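Here is a friendly walk through one protein model, for reading alongside the sequence and the 3D view.

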Amino acid sequence: MIAFGPVPSRRLGRSLGVNNIPDKVCSYACVYCQIGRTLRMEVKRRAFYEPERIFEEVSRKVQEAERSGERIDYVTFVPDGEPTLDVNLGREAEMLKGLGVPLAVLTNSSLIWREDVRNELLWFDFVSLKLDAVTDPMWRRIDRPHKSLGLDRILEGMLEFRDEFDGTLVTETMLINIPYNGELERIADFLAQLRPDRAYIAIPTRPPAERWVEPASEELINLAYQLFSEKLGESRVEYLIGYEGNAFASTGNIEEDILSITAVHPMREEALRELLRRSNADWSRVEKLLREGKLIELEYRGKRFYMRALPSRRKP
């Protein structure tokens, strides 16, 4: 299925997906990939589907959504492989622009060192770049790239694209259960150069390609959040850890509000106390969530933070 949805997305609202790459052709074989192991490792761009077919299928889906009163906020290229391997990506984006719906693409960044890829990505309104590591050994350990690729060229390409692109640029960093040994600090330094509109911190939420892979600990996720926030500001860093619900929306239930907000980013103790005060609730609500294993308490530089617990670590 080339066009699917629309589906809810916290990043993109109501997103109509475009699968422009067959399962699973990719330039990486990430250990955490939740689609499964890469079937064909490729870096040479080629045609997969006729652009006209992609346009027709997406156009039909958009018309169906309009007839049924469904909102579509973005048409998003989020395929079973790496979207920039499609040599027709720019042509497809140009055609889809005519539908009047903003375009988004989620890429692993592996081909952004190429000028033609950067030029084609300029057609999009929203571009998400993978940034799992900035040192070669860690990059190879996590993303397991095609042997012809070089990380330095990729990072340089990302910085060049930032200077060329005037849409919304975000990054996504997947954290898993390995020692990072200063890598998070180095990623934060690179983010300061890249200046994304938002830096997302993610964990695997479905079975990964390699069975040994598990989500990083809450402590590591919180450390990444703090380090990235110091470089970009808190408003530009968020979690993507697979929780349902409307972050920041008031539900009328203070416990649900706390869990919703702390699923997106940790709350300082003083901010949490102020939220309770405005809701005419007391600290016993927090203590209850801590006892139930739904919330955890963390410390960073002498300050207390509260984060929603990961599902795999909640008490039964």
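## Before you start

This is a predicted model, in which local features need pLDDT of at least 70 and side-chain atom pairs count only at pLDDT 80 or more, while totals for chains, interfaces and linings use all residues. Residues are numbered from 1 along each chain as its sequence is written, and side-chain values use heavy atoms, with hydrogens and water left out.

Helices (H or I, at least four residues) and strands (E, at least two) are DSSP runs, numbered from the N terminus.

## Helix 6 against helix 7

Let's begin with helix 6 (residues 183-194) and helix 7 (residues 218-232), which pack at an angle of about 30 degrees with their axes 9 Å apart. Axes here are lines fitted to C-alpha atoms, for helices over the stretch in contact, and angles run from 0 to 180 degrees between N-to-C directions. The two helices are therefore roughly parallel to each other (angles under 35 degrees count as roughly parallel, over 145 as roughly antiparallel, 65 to 115 as roughly perpendicular and the rest as oblique).

Which residues of helix 6 meet helix 7? They are Leu184, Glu185, Ile187, Ala188, Asp189, Leu191 and Ala192, and their partners in helix 7 are Leu220, Leu223, Ala224, Leu227, Phe228, Lys231 and Leu232; contact means heavy atoms within 4.5 Å.

## Aromatic pairs

The structure holds six aromatic pairs. Rings of Phe, Tyr and Trp (its six-membered ring) pair if their centres lie within 6.5 Å; planes under 30 degrees apart count as stacked, over 60 as edge-to-face and the rest as tilted. Tyrosine 28 and tryptophan 139 form an edge-to-face pair, at 6.2 Å centre to centre and 75 degrees between the planes. Tyrosine 28 lies in the loop between strand 3 (25-26) and strand 4 (40-41), and tryptophan 139 in helix 4 (residues 136-143), so the pair ties together parts that are 111 residues apart in sequence.

Tyrosine 28 is buried at 2% relative accessible area, and tryptophan 139 also counts as buried at 2%. Buried means under 20% relative accessible area, exposed over 50%, and partly exposed in between (1.4 Å probe, protein chains only).

## Two positive phi angles

Most residues other than glycine have a negative phi. Arginine 144, however, has a positive phi near 45 degrees. It lies in the loop between helix 4 and helix 5 (151-164) and is partly exposed, at 29% relative accessibility.

Asparagine 280 has a positive phi too, of about 55 degrees. This asparagine sits in the loop between helix 9 (269-278) and helix 10 (284-291) and is exposed, at 75% relative accessibility.

## Lysine 24

Is lysine 24 buried or exposed? With a relative accessible area of 4%, lysine 24 is buried, and its place is in the loop between strand 2 (13-18) and strand 3. Leaving aside neighbours within four places in sequence, the contacts of lysine 24 include Cys33, Arg37 and Asp80.
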